[in-house]
Amino acid sequence: MRALRAAFAILALACALAAPAAALQPDEILEDPQLEQRARDISAHLRCLVCQNQSIDDSDAPLARDLRIIVRERLQAGDTNEEVVSFVVDRYGEFVLLKPTFSWHNALLWAAPVILLVFGGLIVMFSLRGRRGSAPKALTTEERQALDEVMGKGRRDTAPAASEH
């Protein structure tokens, strides 16, 4: 029991140490707590172009630091959150958004999962429908007699061979 508690404590400590640390440097933090909170909210939704699956708030990459500084500079200049995001998107492209917006030029990307699911369902439906087919026809009397002859003839041929040995 004591070993189980120790193992649990070690596992909890490892999980706590593995939690991602914010990459924000002390010299980046704004004095105004409201502006800083707005900067953190914006940074949480912008993608680090180096790490790609991290926000700039979580990334240690130099480019992410530059983007955090740009966000804070724009906020200090009086931009709204939307203006800051628009500025960054204009400069780096829509890829910088962790959650891209829906527009006509990326509609296919948004619709692709649904389209693939529909086409996959149609393929499965048609392949199962093709397998079902019709039930096999019953044998005619001539076919049944021919089968009985073949089956009976086969038994007669093997019977003497087995008795000879």
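This is a predicted model: local features need pLDDT of at least 70, side-chain atom pairs count only at pLDDT 80 or more; totals for chains, interfaces and linings use all residues.
**Entry 1: Leu35.** I placed Leu35 in helix α2. Leaving aside residues up to four places away in sequence, I found that Leu35 touches Leu30, Leu75 and Gln76. I also checked Leu35 against Arg72: the two are 37 residues apart in sequence, and their C-alpha atoms are 7.9 Å apart in space.

**Entry 2: the largest nonpolar core.** I next asked which residues of this core touch the most other members. The core has 18 residues, and Leu46, Ile56, Val71 and Leu75 hold that position. I then noted the elements that supply two or more residues to the core, namely α2 (33–43), α3 (62–76) and α4 (81–92). Of these, α3 gives the most, with 5 residues.

**Entry 3: Leu46.** I listed the contacts of Leu46, again without residues up to four places away in sequence. Leu46 touches Gln54, Ser55, Ile56, Val71, Val88, Val96, Leu97 and Leu98. Two residues named in the previous entry, Ile56 and Val71, are among these contacts.

Entry 4: I turned to helix α5, which spans residues 107–132 and contains Val114. Is Val114 buried or exposed? I recorded Val114 as exposed, because its relative accessible area is 54% and the class requires over 50%.

Methods. Residues are numbered from 1 along each chain as its sequence is written. Side-chain values use heavy atoms; hydrogens and water are left out. Helices (H or I, at least four residues) and strands (E, at least two) are DSSP runs, numbered from the N terminus. Buried means under 20% relative accessible area, exposed over 50%, partly exposed in between (1.4 Å probe, protein chains only). A nonpolar core is a set of buried Ala, Val, Leu, Ile, Met, Phe, Trp, Tyr and Cys residues joined through side-chain atoms within 4.5 Å. Contact means heavy atoms within 4.5 Å.
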